[in-house]
Amino acid sequence: MPRAFITGITGQDGSYLAELLLAHGYDVHGSVRPGAPLSGPRIEHLAADPALHGRRLILHHVDLADTGDMRLALETAAPDEVYHLAGQSHIGLSYEIPEATCELSAMGTLRLLEALRGLPRPPRLFNASSSAIFGRPACSPQDEQTPIIPVSPYGCAKAFATHTVRVYRDSFSVFACNGIMYNHESPRRGTRFVTRKICQAAAAIRAGKQHELMLGDLDAKRDWGHARDYVRAMWLILRQEEPEDYVIATGQLHSVRDVLDISFAIAGVDWHPYVRQDQRLLRPFEPVDLVGNPAKARARLGWEPTTSFRDTIREMTEAEMTRFSHE
């Protein structure tokens, strides 16, 4: 039975990946920050299953700032595959806490690579990189050869991690891959992210529990997919014979205004009377035409996104509406 270790298992991607791997017959180990509950809300349905918890799903408190702590957890788990998803993942927040962002996303990746390199049988590693490494790219769409020129603290941290994975792959023959992930959403997305914020507001306004929605640039565009599709790409990347990097994206751009139109239409509410612009939510360097070219993933992995942008926003909005109907 294959065995995997997921850092950040209680996050959006970690929870979907845990479900996928368990369905494929894996034993799944996961790391949780010291002091945090071992079972967060995104995986409580898994942890509550006596057939899984403590048997095929084992959770560990691990300090990603401590190489020895990580090495001990990995020695205990003895995984065949490691999926490194942990880190501060909000670009806007990285301007407020740049040191913590770099500590988690940059140095945490380096420490993990060092811990893996010291194991008798190093497992395969997937590292969750980000489209933020491209900053404000001169070409669109972006692929695996696009120059890395980040413009945010988060992008800088991810660029360091991405390059470091490549160094360890080339210099130490570690089977290590980067998945350059474009934005991917779901009902499990954090509430700081604009898609979840909008979907939550649409449902709350419909229920009479919210009367205003503060947003930044309504014309900002992103390449948005569904997290379920993206974790499947992570798994496929580690199925390949050779370690390589892959852009994981839909290849389509949509605006914040598009999210508003779809989400509020599903809720049966006109968004225009409720939305206000907050200058504090505008980023110093807003990415332009940050859209990925997934041709390599399509050709090598046989990967295609299966959930459309509209269906993703619909699922998120309906989940919020269901939640408010139960309150």
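Author: Begin with length. Helices here are DSSP runs of H or I with at least four residues, strands are runs of E with at least two, and both are numbered from the N terminus. The expected span of a helix is 1.5 Å times one less than its number of residues. Helix H11 (residues 309–325) has 17 residues and should span 24 Å at 1.5 Å a residue, which agrees with its end C-alpha atoms being 24 Å apart. The model is predicted: local features need pLDDT of at least 70, side-chain atom pairs count only at pLDDT 80 or more, and totals for chains, interfaces and linings use all residues. Residues are numbered from 1 along each chain as its sequence is written, and side-chain values use heavy atoms, leaving out hydrogens and water.

Reader: Which residues of H11 are buried?

Author: Buried means under 20% relative accessible area, exposed over 50%, partly exposed in between (1.4 Å probe, protein chains only). In H11 the buried residues are Phe 309, Thr 312, Ile 313, Met 316, Thr 317, Glu 320, Met 321 and Phe 324. The arc is taken from the directions from the helix axis to the C-beta atoms. The buried residues of H11 fall within an arc of 165°, so they line one face of the helix.

Reader: What covers the buried residues of H11?

Author: Contact means heavy atoms within 4.5 Å. The cover includes helix H7 (194–206), helix H9 (256–267) and strand E7 (184–185).

Reader: Which residues of H3 are buried?

Author: In helix H3 (residues 67–77) they are Met 70, Ala 73, Leu 74 and Ala 77. They cover an arc of only 95° around the axis, which puts them on the same side of H3. Leu 72 and Thr 76, on the other side of H3, are exposed.
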